[in-house]
Amino acid sequence: MDLGPVLVTLGALFLIGLAADSLGRHTRLPRVTLLLLCGIAVGGSGFDLIPAEMQVFYDFLSVMALTMVAFLLGNSLRRETLARHGAKILVVSLVIVVLTFTGVSVGLWLAGLPTPVALVLGAIATATAPEATHDAIRQSGADGPFVDVILGIVAINDAWGLLAFSLAMAGAAALNGAGDAAHLWHAAWEVGGAIALGTLVGLPAAYLTGRLKPGEALESEAFGIVCLTAGLAIWLGISFLVAGMVAGALISNLARHHDRAFDEIEHLEWPFMMLFFLLAGAKLDLSLFVGIGGIGLLFIALRGFTRVLGGWIGGRLAGVSPRECRWMGAALLPQAGVAVGMALIATQSFPDYGELILTLTIGATVAFELIGPVMTTLAVRRINAGNTADASGRKPL
């Protein structure tokens, strides 16, 4: 490998990311969307400036960035947060997943898609983008109960999504004449194994980290545990997102000698996230989005509508305020790599429908990667502004 073009490209991408980050801080635009747009501009759908050598770094950056996000989302599942909002997180997340899966599947089936394809796409629609949601919320500076619930939902949503996808794949295989329990066993291993791995990593890490410098976790400790968790998860064929979330939750709840569990991960995270979003944008093929046609637009509309409706219904059932219910689903619109991973698995199991499933999924991902962070930012800012207005006695937005 010629390192010259790689190092030049890395330097340019960091500077582009710095400019996008700075612009995001001075405007209301989410920096995630800005980074994706910059990536599109320099990628294959734009000026095609990314050398082929950089592609080998994308998988590494994706795993590292997502595992760090998973640890930080696990940190949002603290004992006190779950005591206050655990029921809301569970109810809203389940309602959104069930309603999204059902609404998208039925809608696509009524539009004429084969039942197996409709089921698989309905399950794919349940996936979210934890990295985009988390960063949009962090950039907004918002906090409070609404943010706690959103972060909690994002933390557990991919576990529900994997289960829904496995059930859909088993059902689709049965309808296609090749039904077996392989997909259900795979889901049990992917989620159950990830929980076990997260526990095996998180429990000793909670007690051993932050000892070399009392009360302070070191960057090397944080980086080492992230790499260990991600590597073992990939090696075992289980979800590194779920494993990272479980480990992060255990560390944040049990490591009482830390001032703030794994605070150093936040310092390490952003450079990886910056490159991850830039290269993700560079890999997006906008021609696929153009080619999805009316059925693709229907898929996007159904997913958007069912998530907003699911957030409203779930919020009402969980006792969330009406204003927060209106924005709950909108804050959970981002979708990215997990959905594409599901689509790739589906194409292997259903090669006859593979091109259709993958094209629709990637096209929808392009839309939700760009629109989703904007809606997340808008939602948390509206709720934050409304809460501020309530506290001051003014009429809320």
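**Labels and their cut-offs**

Modeller: Let's start in a loop: Asp48 sits between helix 2 (31–42) and helix 3. Helices here are DSSP runs of H or I with at least four residues, strands are runs of E with at least two, and both are numbered from the N terminus. Before we go on, this is a predicted model, where local features need pLDDT of at least 70 and side-chain atom pairs count only at pLDDT 80 or more, while totals for chains, interfaces and linings use all residues. Residues are numbered from 1 along each chain as its sequence is written, and side-chain values use heavy atoms, leaving out hydrogens and water.

Biologist: Why is Asp48 called exposed?

Modeller: Buried means under 20% relative accessible area, exposed means over 50%, and partly exposed is in between (1.4 Å probe, protein chains only). Asp48 has a relative accessible area of 53%, so Asp48 is exposed. The backbone has something to show here too: phi of Asp48 is near 55°, a positive value in a residue other than glycine.

Biologist: And how do you know whether Ser239 is buried or exposed?

Modeller: The relative accessible area of Ser239 is 9%, so Ser239 counts as buried. Ser239 is also a loop residue, between helix 9 (219–236) and helix 10 (240–254). Ser239 touches Leu162, Glu190, Ala194 and Ala233, leaving aside residues up to four places away in sequence; a contact means heavy atoms within 4.5 Å.

Biologist: What about Leu232, why is it called partly exposed?

Modeller: Leu232 is in helix 9. Its relative accessible area is 26%, so Leu232 goes in the partly exposed class.

Biologist: What makes Gly372 count as buried?

Modeller: Gly372 has 0% relative accessibility, so the buried label applies. Gly372 belongs to helix 16 (residues 354–392).

Biologist: How many helices and strands does the protein come to?

Modeller: There are 16 helices and zero strands. Of its 397 residues, 55% count as buried. Among contacts with a separation of 6 or more, 83% come from residues 24 or more positions apart.

Biologist: Which residues have the most contacts inside the largest nonpolar core?

Modeller: Those are Val120, Leu121 and Ile124, in a core of 121 residues. Helix 7 (residues 145–175) gives the largest share of this core, 16 residues. A nonpolar core is a set of buried Ala, Val, Leu, Ile, Met, Phe, Trp, Tyr and Cys residues joined through side-chain atoms within 4.5 Å. Among the residues that Ile124 touches, not counting residues up to four places away in sequence, are Phe165, Met342 and Ile357.

Biologist: Why are helix 5 and helix 7 called roughly antiparallel?

Modeller: Axes are lines fitted to C-alpha atoms, for helices over the stretch in contact, with angles from 0 to 180 degrees between N-to-C directions. Under 35 degrees is roughly parallel, over 145 roughly antiparallel, 65 to 115 roughly perpendicular, and the rest oblique. The axes of helix 5 (residues 115–124) and helix 7 come within 8 Å and cross at roughly 175°. Helix 5 and helix 7 are therefore roughly antiparallel to each other. By class, their contact has eleven nonpolar, two polar and no charged residues. Nonpolar here covers Ala, Val, Leu, Ile, Met, Phe, Trp, Tyr, Cys and Pro, charged covers Asp, Glu, Lys and Arg, and the others, Gly among them, are polar.

Biologist: What makes helix 5 mostly covered?

Modeller: Nine of the ten residues of helix 5 are buried. Val120, Leu121 and Ile124 are among them.

Biologist: Why is the pair of Phe60 and Phe272 called edge-to-face?

Modeller: Rings of Phe, Tyr and Trp (its six-membered ring) pair if their centres lie within 6.5 Å; planes under 30 degrees apart are stacked, over 60 edge-to-face, and the rest tilted. This rule gives two aromatic pairs. In Phe60 and Phe272 the ring centres are 6.3 Å apart and the planes are at 65°, so the pair is edge-to-face. Phe60 is in helix 3 (residues 55–75) and Phe272 in helix 11 (residues 263–283), 212 residues apart. Phe60, at 43% relative accessibility, counts as partly exposed, while Phe272, at 14%, counts as buried. Together with Phe223, Phe60 and Phe272 form one aromatic cluster.
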